[in-house]
Amino acid sequence: MAQESASKMDKIVALCRRRAFIFQSSEIYGGINGFWDYGPMGAELKRNLKNAWWKDIVQCPPPGPDGRILDMVGLDSTIIMNRRVWEASGHATGFNDPMVDDRETKQRFRADHLFGLFIEPIADAVGVSGGSQYPIVTLVASSAGEALELFEANGRKWLKDAGTAMKIASSDASGIVLENRGTPVKGTLAAVSGELLRSSPGQVPSPFSQKTGVLTEPRQFNLMFKTYVGALQDEDSMAYLRPETAQGIFANFRNVTDTCRVKVPFGMAQIGKAFRNEVTPRNFTFRSREFEQMEIEFFIHPDSANEWYAWWRDTRFAWWQSIGLTSSSLQMRSHDRDELAHYAKLGAGTSDIEYRFPFTDPGFGELEGVAHRTDFDLRQHAEFSGLGDKLKYFDQEKNERYFPHVIEPSAGADRGTLALLCEAYYDDPNRPSGVVMKFHPRMAPIKAAIFPLVDKDGMPEIAQKLFSDLRRTWNVQMDVKQNIGKRYARMDEVGTPYCFTIDTQTLSDQTVTVRYRDTLAQERIGIDRVRSFLSDKIGGL
Ligand code: GAP
């Protein structure tokens, strides 16, 4: 990550803390790694995102590729389910990350997040055995950009810890040049392969101490959190916290097809918490241990997979744009064949909708995956539940019984919220706040603020009346404290698109000042027009 992006992220994290978007969970006890709380502003922002998704997916979806109204239903299934669900889905045995322990410091990291500094094979000259075969220092990062940034900040110390005499001469995205007692040495920062960790863990320095001989081989670590159901805590009562909401949908497929008048193609959607015991939670809320997903399982006839896959991919991309992610930081990336899950290899494909977060810059991080999951899940549940063919769908029009295929657009509400925060953030030295959050009005936590210019002369009463009326429809705030500049500054920092000020002129001609967040333009409108003004600008949400 470039220096500029790093400082932008620091500023966003600081703003989130200062203006009550996101706090560390259990902060008064020192926090807990990988868990985050949403403060009053963040709770509104995330709720706006989830409400928009629910509205645009479940209640009022766009017409499908054939122009027909989309058949969508919602669901709210439990976090704890019968353990067999996770055996059927493959999570009980296959939902693993390779994990390496440092035996000395007792710290742990994901093997596929280890980067190392490899040097040209000049072992004798620099007194490092193995030359470029083994890294001379290592670090944990989730992207090459982040690895470079960490190396630029800490590389000198790490080289010292590793006991080499080498110094950093220069480092940037094009490469690293070291200096060994006056001799330039070329260095490359690259991912340490799982193969190297498996074959020679003792030769790879620990990212925590830079010592060799302390790392274990990578071991598979199941990411599901366990708990116990009932009074006894034994193997039989063990249950998992769901690592995805999707399986709740598959487990209810029969209930819904039996009780609701849905016909393939149709979709089931749900928003809910998911839990993953991530080995290295990082990058603010991006990789958390408790997070929310917004998932759709769209059931289709196998023959129409290509058409529906392409349609959902494009529709979901356009949706993220419609709520404000309009910059070139949003991109679509198709998975290469070798990245695909085993069941998806025969399917139409998988694409990720990605966002360039400041901490992934110049790379991108996944916001939503759109996957053709074939009929893998329903078949698995048919087998593990013993329902067999009874779980098949009967298509009356085609007079055919089959396991529908599934297109799954699966998005993260926390990553979505983080992308909205990153996209909205603008430094603006010309404003008293120095910063403005340019949220799309539909996403803005507060839609409008109402300010009586002074706390007397009947202005607070007029403001109160307007506030009481508007709040029935929108989340609006009334603020009577401090001078007007400071009040505008507070609203800029939380991204309130419109501020209405009641002043002396209001008393004589019943007009108020509207101040536009993005342009700073001001105009006067009649106080009786404020409601219709907001309706025109932001609609009912
Ligand atoms: N049912 C498919 C599924 O769960 P996934 O790619 O593992 O697919 C879907 O997760 C979305 O959930 C991701 O695109 C991301 O937005 C979000 N997500 C996954 N792991 C996360 C984590 N540890 N922290 C925050 N969000 C996460």
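I shall begin with the basis of the model, then turn to the ligand and finally to the loop.

This is a predicted model, in which local features need pLDDT of at least 70, side-chain atom pairs count only at pLDDT 80 or more, and totals for chains, interfaces and linings use all residues. Residues are numbered from 1 along each chain as its sequence is written, and side-chain values use heavy atoms, with hydrogens and water left out.

The ligand is surrounded by 20 residues, a residue being counted if one of its heavy atoms lies within 4 Å. Glu244, Arg276, Glu278, Glu295 and Glu366 are the closest. By class, the shell holds ten charged residues (Asp, Glu, Lys and Arg), five polar and five nonpolar; nonpolar covers Ala, Val, Leu, Ile, Met, Phe, Trp, Tyr, Cys and Pro, and polar covers the others, Gly among them.

Consider next the distances to oxygen atoms of the ligand. For Glu366, a polar side-chain atom lies 2.6 Å from such an atom. Leu367 places a backbone N or O atom 2.9 Å from a ligand oxygen, and for Gly412 the corresponding backbone distance is 3.1 Å. Of the 550 Å² of accessible area that the ligand has on its own, the protein covers 88%, by the Shrake-Rupley method with a 1.4 Å probe.

Finally, where is Ser304 placed? Ser304 sits in the loop between β15 and α10 (305–322). The side chain of Ser304 reaches the backbone oxygen of His301 at 2.9 Å.

Terms used. A polar contact is a pair of N or O atoms within 3.5 Å; within protein, one must be able to donate a hydrogen and the other to accept it, and residues adjacent in sequence count only if both atoms are side-chain atoms. Helices (H or I, at least four residues) and strands (E, at least two) are DSSP runs, numbered from the N terminus.
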